[in-house]
Every structure is written in C-alpha cells, then in structure tokens.
Amino acid sequence: MKNLKHLFTTLLLLCCTYATAHIYEIDGIFYKITSDTDKTVGVTFKGDSYSSYPNEYIGDIVIPENITFGKNAWVSTNTSSNTTSEYTYTFDAKAGDVLNFDWEVNSYQYYNYLTITLDDNQIVYDSGSKRGKYETVFEKDAPHTLYVKFKIGSQTYGTNKGKISNITINGNNPMELNTYYVTSIEANAFNGCRAVSNITLPESITSIGNYAFQDCSALQSINLPTGITSIGDYSFKGCSFLGGDIIIPNSVTKIGSSTFQDCCFLKSITLPNSVTSISMYAFSGCSSLTEFTIPSSVTSIGNYAFNGCTSINSLYFESGTTELEIGYKKKRH
C-alpha cells in the first residue's frame, strides 16, 4: 500500500447507496459501478429511488467519458437469512493521522448485526436502525486493518443494510484512484427531472435504460452517440420540449415501447437500417412529425406506434420491404 503522503488527496467523494452498488457523486453527477472488472460505470439518480431527491439534475448536463475516483465506502444489502458479508481494507498511517468514517445499520430483526473492527479493537457492534460517526488519532507509524461484517440471522424479512462510508484520513480519501468509463445511462437516471434543459452524452455511452429521461419536460436537446446499441422502453416518454432532429445510431435494432411517446415538439426522427422492430406506442403523440420513413429492415410495428401523430402527411416504406407485421396483422408489399 502506498504511503499516504504519496496518495492523491484532492478528490473527496460523497457516497450513498442503492441496492448492492455504491453511488458516487462527482461534479453533481451520480454514478453506479456496473463492472469492476471492465472498469465501467453508469449514470444514475441520487438516493434509494429515482423519486428520493426530485430534480437532483437541473440545467445543462455534460456527462464525461470517464471519471477517476477511489472507492471509500462499502455497503451490503440482503434479504436472505443466514448470510454474512465482509469487507477488509488495509492501509498505512503515521503518528497523528486522523481516521474518520460513517456507519449505518438498518435491520428488521435484532439478531442481524453490523460489526466493525479496527485492528483488534471492536468499534461497532449494533443492530436495529442506527447510524453513527467514528474518529480516532493514530499514535504511531504502523499498518492498520479495518474489517467490516454484516451478518443476517436465521429469520429475517425486508431489505437489511450494513454500511460504512466516507472513509477519510486527515480529511482525504485514502483509496487508490482508478479510472472508470461511463458506458450507460441507467434506468430512471433522470426520470422526472423537469428542470434539465440540455444533455450532452459522451461517445463511450452504449446503452440508455428504461425510463432514463422520462418526463424531463424541459429537455430541449440530447445527442445519441454512435456506439449506442440499446434504447430502453419509455426512455424519452413525456419529453414534451425535445425538438429538432433525432438520428438513431445504426447499432440500434429496436425502438422500445413508448420510447418517444408524447415528444410533441420532435420534428424529425431518422431510423437506420439496423432497426428491425418498432414497439407499441413508440412514437405515439409525436404531433409535430410531418413525415416518417420506415427502413426496409423493419419487420414489425407495434400497436398504436404512431397514434396521435396528427401532422404526419407521408409515411414512406423503403424499397426492399417484403413482409411487415403491423399490430396483430401481417401486410405484404
């Protein structure tokens, strides 16, 4: 382990939890680790659900291609009986160094325990619904081990949580810094953020989750990087001010259910020849669309896909279209 004096000390993260993943906030954007092996993260919401902190995103949002941080938190959430989760962190400290961290236990039975030990000294042994802060000053130069265990007993219900977070030494994050690439917009990431006006996505993004931008009613523009392979259901539903021209990347094969429903300011959407299906309600309520071209690669169009597109004057089918399933019926051309 590197000596603390040689660690980067300029980055201190605010940490919270969602399910079994850590959430890290950097420059006002919340990230969830999607793969430690591949070093990837996804953009997500703040808190335990997308509605925990309404409008955590506002204005113009520029998402970077990668972020660099140290993971100074650990959390275990579990619903299973007779399980144990453990975390160990070994580090070097000098005389006078100050260790701080926050801890929290949230268990539905009193025989579910969070235990935290520093070297051979037990710091926390608690259950129920409690939280606290810990601070100690080291008296000499020495290596140290911080050990955390969250044990679920023989009977349990609900979701139980044991957590340690905001681990700092002398106010700085002591964890080794790693670079993670931002490859996804997670489900519900911006859902209901009605004050977001413009979003810039990096080329590293490959997927947009379900409901990712639903009801971002002030969103005016967003770019879709060329590497995107999937756009989730309801991802832009209710983005009523989203205007201009939307070009779907040629790696996308499906337009999901209600993906652009009620995007009433959209004037043009271009689909690539990679798209094979347009799901139900995909463009329903896009009342500013005046024409639309169905690529020859499309083999199915779901019910009500263009319902309420009251301005469409022309619907074109590319040459080469041989068989197309619309709703529950097949039409041959």
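A disulfide is taken here as a pair of cysteine sulfur atoms within 2.5 Å. By that criterion, the structure contains zero disulfides. The sulfur of Cys264 has its closest cysteine sulfur in Cys263, and because the two lie 7.8 Å apart, they are too far from each other for a bond. The sulfur of Cys216 likewise finds its closest cysteine sulfur in Cys239, at 5.1 Å, which is too far for a bond. Cys216 counts as buried, at 0% relative accessibility, whereas Cys264, at 23%, counts as partly exposed.

The structure is a predicted model, in which local features need pLDDT of at least 70 and side-chain atom pairs count only at pLDDT 80 or more, while totals for chains, interfaces and linings use all residues. Residues are numbered from 1 along each chain as its sequence is written, and side-chain values use heavy atoms, with hydrogens and water left out.

Turning to the overall fold, the protein has 28 strands and zero helices; both are DSSP runs numbered from the N terminus, helices being H or I over at least four residues and strands being E over at least two. Of the 333 residues in the protein, 48% are buried. Among contacts (heavy atoms within 4.5 Å) with a separation of 6 or more, 56% join residues 24 or more positions apart. The protein exposes about 15900 Å², of which carbon and sulfur atoms supply 47%; the areas come from the Shrake-Rupley method with a 1.4 Å probe, and for residues only the protein chains shown count as cover.

Salt bridges complete the picture, each defined as a side-chain nitrogen of Lys or Arg within 4 Å of a carboxyl oxygen of Asp or Glu. The whole structure holds five salt bridges. One of them joins Lys32 to Glu186, with 3.9 Å from N to O. This pair links distant parts of the chain, 154 residues apart: Lys32 sits in strand β3 (residues 29–35), and Glu186 in the loop between β15 (178–185) and β16 (196–200). Both Lys32 and Glu186 are buried.

Another salt bridge pairs Lys94 with Asp141, their closest N and O atoms being 3.6 Å apart. Here too distant parts of the chain are linked, 47 residues apart, with Lys94 in the loop between β8 (83–93) and β9 (98–106) and Asp141 in the loop between β12 (129–137) and β13 (142–152). Lys94 counts as partly exposed, at 29% relative accessibility.

Methods
Buried < 20%, exposed > 50% of the residue type's maximum accessible area, 1.4 Å probe, protein only.
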